[in-house]
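Me: I am new to this structure. Please show me how to read it, one feature at a time.

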Amino acid sequence: MLDKRASADLPAPLARWFAAQGWAPHAHQCAMLAASGDTLLIAPTGGGKTLAGFLPTLAAACDGVPDGLHTLYVSPLKALTHDIGRNLARPVADLGLSLRIEDRTGDTSATRRARQRVDPPHILLTTPESLALMLSYPEAPRIFSNLRRVVIDEIHALAESKRGDQLMLGLARLRSLAPDVQVAGLSATVENPHALTRFMGGAEILQAEPGPDPDIAILPITRAPPWSGAGGAYAARDVMAAIERARLTLVFINTRAQAELFFQALWAVNDANLPIGLHHGSLARDQRRRVEAAMASGDLRAVVATGSLDLGLDWGDVDLVIQIGAPRNVKRLVQRIGRANHRYDTPSRARLVPANRFEVLECMAALQAVEARELDSDGRDLRGGLDVLCQHIATVACAGPLDADQLFTEVTRAGPYAGLPRAQFDACLDFVATGGYALRAYDRWQRLVQKNGLWHLRDPRAARDIRMNIGTIVAPELLSVRRGPRGGAPLGEIEESFAASLSPGDTFLIGGQTVRYDRLRDMVVEVTPQPTRQPKIAVFNGLKMATSTELSARVLALIGDQTAWQALPESTRDWLALQARIATLPRPGTMTCESFARGGQWYFALYSFAGRNANQTLGLLLTHRMEGAGLAPLGFVATDYALLIWSLEPVRDPAPLLDPDGLRDGMDDWLAGNAVMKRTFRAVATVAGLIQRNLPGGRKSGKQATFSSDILYDTLRKFDPDHLLLQITRAESMRGLADFGRIEEMLRTRPQIVHSMPPHVTPFAAPLMLEAGRIPIRASGAAQLLEEEAAQMMREAGLQLDPGCGI
Amino acid sequence: MSHLMFHYHGQDFVARASGALFWPAQDTLIVADLHLGKSERLARRGGALLPPFETRATLERVLAELDATGAAHLICLGDSFDDDLACAELDTELALICGRTQVTWISGNHDPAPVALPGFQVPGVTLNGLHLRHIAAQGPDISGHYHPKLRVAGQRIAAFLIGHEHLILPAFGHYTGGLDWDDAALRALVPEGRAILTGTKAQMVPLPLPQLRKRRLR
């Protein structure tokens with residue numbers, strides 16, 4: 001990996017610096033320095049990717065301090081920009097370069113941001129959202145005019161979401177403002193690097209040597225895992241023992257709520273009183289920063305974290321990664337392993353802790369996949385979202401008058417928009433300018449007006465609204481949690497829907513402590529710490545993680561292959577045997593399903609192992625048929641393995657539901673009116689700027705401030721069914737659904753339906769009952785339930801219906 | 001049965017599933033918080049360009065209710081227009097309604113001084129001892145303003161609140177949010193009594209809502 005010839009090309013001060021560290025530059029680092037055009041560097045974690053990205057900047061600075069902003073570094077995580085700034089400070093100081101390095105994220109103070117607009121640093125570390133915001137200022141051409149380099153870190157992660165589309169549009173803008181700019185994308189190992197270069201708008205691929213194979217296994221655990229649940233608390237003692245043996249351990253867990261619970265479970269068995277931290281995105285910023293700093297200075301022995309600490313962070317001397325719960329997709333697993341032992345030449349050590357017996361299978365399958373060096377395929381279609389383009393157009397208009405032809409040419413230089421038809425661009429521009437409605441309602445109140453061929457903001461006040469709503473991450477509404485009434489210490493954030501389910505006196509976990517819910521005031525959740533009590537309500541919904549289709553196929557193969565069971569723990573073998581006894585074990589080539597009752601509802605579980613998209617689509621198709629058959633479906637949830645539908649009446653004969661003939665009959669209205677579509681619309685309308693998340697002056701509580709995006713959706717469907725946002729919504733929803741043709745074919749090729757009616761929840765169904773991402777069905781079942789509840793409430797209150805109830 | 005009859009201070013009323021209130025003895029339909037012209041007002045101030053169909057959607061529903069009840073009078077309990085300017089822009093739409101019914105416009109906080117409108121414009125009226133006004137005050141009265149909602153069976157539903165001194169109507173307008181009955185402002189006005197849920201069917205529930213046991217399967 002060390003290349004003596006290449007290191008000879010380093011400028012002398014840099015070569016001396018490398019020598020002083022006792023390092024030699026990697027070949028890919030030298031290649032980056034030598035490259036004359038845009039590059040995409042693919043290197044495993046620990047391969048010195050980030051340094052490679054900054055080498056050309058450091059080399060240039062050795063020849064003289066640049067004038068103004070020279071290098072822009074963009075990463076998906078705020079924490080990463082902070083971290084990189086710290087790491088970069090060392091070589092810059094050692095080399096005696098007078099380079100100013102600053103970060104700029106949503107956490108940066110307003111004064112500092114204002115100063116950066118007037119006097120930008122030489123190296124600016126930022127996120128896609130903050131870059132978009134900078135591009136919306138009239139000063140943008142001046143700030144970026146001397147820009148020479150853009151370094152995009154973790155570009156493989158950015159390319160998976162709309163944030164990547166936004167960043168590529170911003171990059172296209174930067175290329176117009178600074179035509180000589182050179183772009184370097186830094187990526188972890190991916191299946192298809194060429195798709196990534198297309199995403200970048202073309203680049204030379206630099207491929208680093210792959211590192212050694214990771215040392216990865218399932219953590220030996222003394223107790224048997226539970227049937228269901230995702231917390232992993234049963235393994236706390238074994239995890240603690242592993243932490244005691246390691247120098248610094250990162251414990252990853254999939255959701256924030258689980259991180260809270262697991263942290264508490266660990267704390268309860270921390271007999272040696274080791275310093276352990278908790279890090280997740282709902283914690284207050286100061287608290288997160290404290291943990292990050294303690295970790296960097298080596299004061300911690302373990303950190304329990306969610307995705308907030310994920311991607312490429314380079315903190316301290318992590319030598320062990322423990323993953324609680326199934327890794328869900330192999331790529332994520334490989335990246336997390338990369339955290340351990342951040343050195344190129346030594347294998348990383350990682351241990352998996354399945355949270356339940358089903359996940360034992362999933363973990364086994366993931367290990368097989370890693371061993372086979374089989375990454376998940378890069379799923380997302382890299383065509384840019386039109387909602388993101390709408391937001392971009394509005395952002396550009398904030399910076400100054402725009403020329404439609406020029407902007408179109410510029411936009412098509414962004415990889416994801418390379419094939420964008422002019423008509424679609426014009427539709428987006430029209431949406432931003434007029435709302436794009438069939439009825440030309442806003443002639444006088446357009447957002448953008450055309451003067452002398454250029455588009456201007458009609459009302460300059462609109463710029464503030466647009467800037468406040470920049471970004472493509474549409475998270476659930478979060479409420480801040482504070483201790484005590486009136487401005488107590490902030491403890492973190494919870495989802496609004498979770499807050500709505502609380503009654504005064506309920507206790508829940510946040511920041512590793514149990515708190516009692518007191519009241520909701522001005523959109524702040526006020527709580528009182530209850531250190532001695534067990535939380536009554538343990539869970540609030542976290543992120544929905546998708547497993548890959550490849551992984552689910554491996555899991556089914558494991559279940560079907562009795563000889564492979566030998567490798568499974570005894571508890572898992574017993575559990576599989578139990579599923580076989582009270583219901584049926586799914587076999588490849590069949591449709592295995594079961595119906596059982598629980599908590600006043602009927603459940604129908606179908607184990608297709610066909611992937612989440614296919615199961616989600618099946619959920620829509622089957623609930624439609626169930627509605628028609630009078631079974632009153634109430635909702636469903638789809639995973640990669642299975643589909644679970646709950647209803648008021650039981651499915652006794654699944655054959656007519658799964659008949660491929662006539663499956664699509666009457667589906668149009670059902671599809672258009674379902675919650676999957678409405679959820680997508682909410683995201684699309686928010687990104688495109690129809691729904692504003694942030695309003696000047698903060699959010700007012702309750703009345704009239706908000707109304708549901710569902711109403712906008714239904715209104716558009718009724719009065720303007722071809723509206724741009726509905727077109728985008730349909731296209732995006734279809735990405736999350738499988739083609740109907742594929743579903744029909746699956747049903748035809750798997751005609752053998754195996755159905756059982758177990759007396760209670762089965763081992764396989766148990767984890768499904770806890771799955772997040774439930775889709776409600778608002779049809780006859782919901783109406784019936786409402787009616788029953790209303791009538792029951794009247795009875796319990798001893799009241800009868802009018803006319804006998806006058807006041 | 002999609003509508004529900006109830007008594008309030010010795011009078012018979014019909015709660016319509018749509019959220020409108022029909023008073024048979026007065027041959028009058030009462031609606032609250034139409035918020036006509038809301039999307040227009042937002043656009044005028046440089047805000048989001050919402051689908052400009054809510055005025056049409058709201059008025060279509062008012063007309064349907066007038067047809068269904070055959071009411072000779074219509075009383076709007078204030079906030080009929082999202083602001084006074086919006087009111088000025090809606091001539092053609094309003095002519096439709098005012099042409100067939102005698103309309104009384106009670107002013108609200110959004111439309112304190114509407115410009116020339118067909119029909120009567122008043123701060124409030126008193127009919128048969130009941131005060132009709134925008135915001136609940138000295139009872140017994142019938143009012144709007146709060147856009148009350150209730151959470152039942154996992155859904156958030158616009159509702160009539162019927163207390164001892166106050167009858168509060170849900171918002172009839174299309175783009176209107178709502179305030180949960182649990183909110184201190186509403187609880188203070190209607191601490192107990194009953195509510196009528198709107199939607200596809202008008203259904204009565206007691207206030208406060210009793211806790212229910214799990215549903216049993218048949």
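Reply: Below, we go feature by feature, from ground rules to backbone details.

Me: What kind of model is this, and how are residues and chains labelled?
Reply: This is a predicted model, where local features need pLDDT of at least 70, side-chain atom pairs count only at pLDDT 80 or more, and totals for chains, interfaces and linings use all residues. Residues are numbered from 1 along each chain as its sequence is written, while chains are lettered from A and ligands numbered from 1 in the order in which they are written.

Me: How do α26(A) and α27(A) pack?
Reply: Helices (H or I, at least four residues) and strands (E, at least two) are DSSP runs, numbered from the N terminus. Axes are lines fitted to C-alpha atoms, for helices over the stretch in contact, and angles run from 0 to 180 degrees between N-to-C directions. Helix α26 (residues 675-688) and helix α27 (residues 709-719) of chain A pack at about 100 degrees, and their axes are 9 Å apart. The two are therefore roughly perpendicular; angles under 35 degrees count as roughly parallel, over 145 as roughly antiparallel, 65 to 115 as roughly perpendicular and the rest as oblique.

Me: Which residues make the contact of α26(A) with α27(A)?
Reply: Contact has a cut-off: C-beta atoms, placed from the backbone, lie within 7 Å. From α26(A) come A:Lys678, A:Phe681, A:Arg682 and A:Ala685. From α27(A) come A:Ser709, A:Asp710, A:Leu712 and A:Tyr713. By class, that is four nonpolar, one polar and three charged residues. Here Ala, Val, Leu, Ile, Met, Phe, Trp, Tyr, Cys and Pro count as nonpolar, Asp, Glu, Lys and Arg as charged, and the others, Gly among them, as polar.

Me: How many residues of chain A are in contact with chain B?
Reply: 52 residues of chain A are in contact with 45 residues of chain B. On chain A, α20 (462-468), α27 and α31 (780-796) each supply at least two residues of the side that touches chain B. The largest share, 12 residues, comes from α31(A). That side of chain A divides into 28 nonpolar, 12 polar and 12 charged residues.

Me: What is the strand order in the open sheet of six strands?
Reply: Two strands pair if DSSP finds at least two bridges between them. The order is β25-β21-β22-β24-β23-β26 in chain A, with mixed pairing. The edge strands are β25 (753-756) and β26 (775-776), each pairing on one side only. Inside this order, β21 (residues 591-598) and β22 (residues 601-607) of chain A are antiparallel over seven bridges. One example is A:Cys593, whose bridge partner in β22(A) is A:Leu606.

Me: Which way do the residues of β11(A) point?
Reply: In a regular strand the side chains alternate between the two faces of the sheet. In β11 (residues 302-305) of chain A, A:Ala302 and A:Val304 point one way, A:Val303 and A:Ala305 the other, and all are buried. Buried means 20 or more other C-beta atoms within 10 Å, exposed 12 or fewer, and partly exposed in between, with C-beta atoms placed from the backbone. Strand β10 (residues 276-279) of chain A runs parallel to β11(A), joined by four bridges.

Key:
Contact = placed C-beta atoms within 7 Å.
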